[in-house]
Protein chains: 2
Amino acid sequence: MTRSIGIVETQYVTFAEQEPFQLESGATLSPVTLAYETYGTLNADRSNAILILHAFSGSAHAAGRHHPDDPKPGWWDECIGPGKAFDTDRFFVICSNVLGGCYGSTGPSSIDPSTGKPYGLHFPVVTIGDMVNAQVKLLDHLGIDVLLCAAGGSMGGMQVLEWAAHHPERVRSAIPIATTARHSPMLIAFSEVGRQAIYADPNWHQGDYYHRAQKPDAGLAVARMVGHITYLSEQSMQQKFGRRLQGRERYGYEFQTEFAVESYLKYNGSKFTRRFDANSYLYITKAMDYFDLVAQHGSLAAAFAHSSHIKFLVLSFTSDWLYPSHHSKELVRALTAAGCDVTYLDIQSDWGHDAFLLEVDTMTHLIGSFLDQLAKEVL
Amino acid sequence: MTRSIGIVETQYVTFAEQEPFQLESGATLSPVTLAYETYGTLNADRSNAILILHAFSGSAHAAGRHHPDDPKPGWWDECIGPGKAFDTDRFFVICSNVLGGCYGSTGPSSIDPSTGKPYGLHFPVVTIGDMVNAQVKLLDHLGIDVLLCAAGGSMGGMQVLEWAAHHPERVRSAIPIATTARHSPMLIAFSEVGRQAIYADPNWHQGDYYHRAQKPDAGLAVARMVGHITYLSEQSMQQKFGRRLQGRERYGYEFQTEFAVESYLKYNGSKFTRRFDANSYLYITKAMDYFDLVAQHGSLAAAFAHSSHIKFLVLSFTSDWLYPSHHSKELVRALTAAGCDVTYLDIQSDWGHDAFLLEVDTMTHLIGSFLDQLAKEVL
């Protein structure tokens, strides 16, 4: 399990330079660039491609390292590589940064060709559907007609469901993890609080801050801290931090960082501002809030009316209160009603929503077996 | 159940004018004022007094109206009044605003006599223990030696436990509702995010804003929005808002308030800034974070070693994920180990933490019976 894919490089594809890219809102974008990485080798009949979809703050850099001295590998390195859940000895794995993101794909921090300046809030609001439609262009570019599998957790899982519902002819199997077919009002509420924290930062300037010395870091950090809590669970916070004090033995009776959990949140909130764009935070949360396959199709089963050939592995985690298991169970009922072949596991875990990044052994076993079976049938 | 206590008036008691009030931190305060209200009549042997302890953002105004045309009654009016859970035909009910608050009791917005200006961050950090010690002074002032009952939800419940653990000789019975004997790391995390939102507001000025035109309203509103989510549950948000849009039929594809749940949060966040002081938000959350009867006594049972004569009614709510039922169950085990007479109910409710304000019928029945039995024994 310690083998890595090694050194990898982010690649870029640009499309919609002539004919604009049509968005669900009715707006258009031109051109559109997607950053992506690939691991493993595409086989001769181009049938072994797996698309990995990243979560809210992820990037195309899912596995390997960019340099030999890179301190950290890609975000799902434990699951992607030789002999891992997504076995790069057998499969050609692709991951692209979402439209609206800030890791090389076109987003609010990209240059608007009509002004020569960053889009900011002039960037059109995008949806999970738009993100996936852009990924369709990437597959076209790579010459891949049908994915062996689309897989991802959290917002990545929404994209998996979008692929299965709206591009079923291009997907053989799907692994939606710790996700939902429609954002609940609680999820919308947490999104909105994060956005309000950014709006409240005077350095946000209605999204027009790219040329300024001060960025809306304070607001973005607060937004991230809220998010971070929702990714954990009461149990995992108890295990990780308890009521431990940080670097002191007694209460200081002052407004300093005292508890380890405070220190963790502040550190991660601040670190996030060095790697993420506040406007992308707004756009991507908005895309998730809009996601609702039920309303789009009248019922969830109807959303998958043309997906009965797709094999599903649906995974949820018992302590995930952000995307609770009942969302996955509702999905499983709909997929079954639509005639899909569904394997579902509600994995016992204390790690909350973050479990999809942490329960590596269990997922390796489950995903490995699922893909192994699939490979026997298809490859 | 529609009878009200009628018109009530907030009263004030000031103490520690000569000898300073000692705080757990070692600091002192002088003088200290508590705002309080009373409902019903104290009996001749002063044995029918019930102290109601308010939650985080509450005030002494628990029942009745201040004026005939007052739009809203006190915060627990449905539970306090003639024939209600806390029956003012039989009991003398007292409620005081906590030390550190902003509803008439001494807090960071009070004038520091040493400077003639509001304390701001010069106000000493107070604890739940300090709040209760100040209430002891109020009881002394009212000439009440022993409370028939101390009752309250959330932070009010912490004060109930503090009374029972540290002033057992002055309490006959205790009703801690939807609370905990020690703030969990998740609760600390939510507190800290709220504080960080306030710190991030440039109008906060390190707490020195009382003389300024601009208050840290934006930060306080974000803090309150986070809090509001935690008081609800996924189920109650689904029932109250679902994915309903507010005043529109389609997505606007813009960064406006679109979902009903967003509108609710924004409205309540903004409304809160007109009634609450940002510094009090900091101080009171800090007091809750420090609360830990386990660490203070080595074990929770040890905390109640001298409380075996106190009758307890412990209530929790199944959908309360902020103060989950297992906190109450841990408390019940400790109280039982300490030899207390404990009645415990985990009330089936979809309303999350807010249930302690909403499940009026159930609570009226439970609390009414508990106090009725107690009155038969004591009065």
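Colleague: Which strands does helix H2 of chain A lie across?

Modeller: This is a predicted model, in which local features need pLDDT of at least 70, side-chain atom pairs count only at pLDDT 80 or more, and totals for chains, interfaces and linings use all residues. Residues are numbered from 1 along each chain as its sequence is written, while chains are lettered from A and ligands numbered from 1 in the order in which they are written. Helix H2 (residues 155–166) of chain A lies across strand E5 (49–53), E11 and E12 of chain A, running at about 150° to E11(A). Helices (H or I, at least four residues) and strands (E, at least two) are DSSP runs numbered from the N terminus, and angles run from 0 to 180 degrees between N-to-C directions of lines fitted to C-alpha atoms, for helices over the stretch in contact.

Colleague: And how do E11 and E12 of chain A run, parallel or antiparallel?

Modeller: Strand E11 (residues 149–153) and strand E12 (residues 173–177) of chain A run parallel and are joined by 4 bridges, with A:Gly152 standing opposite A:Pro176. Two strands pair if DSSP finds at least two bridges between them.

Colleague: What's the strand order of the open sheet in chain A?

Modeller: The order of its 8 strands is E1-E4-E8-E5-E11-E12-E13-E14, with mixed pairing. Strand E1 (11–15) and strand E14 (341–347) of chain A are the edges, each pairing on one side only.

Colleague: Switching topic, what rotation superposes chain B on chain A?

Modeller: A rotation of 180° with 0.0 Å of shift along its axis does so, at RMSD 0.0 Å, by least squares on the C-alpha atoms of residues with pLDDT of at least 70 in both copies. The two copies are therefore related as by a two-fold rotation axis.

Definitions and conventions:
Contact = placed C-beta atoms within 7 Å.
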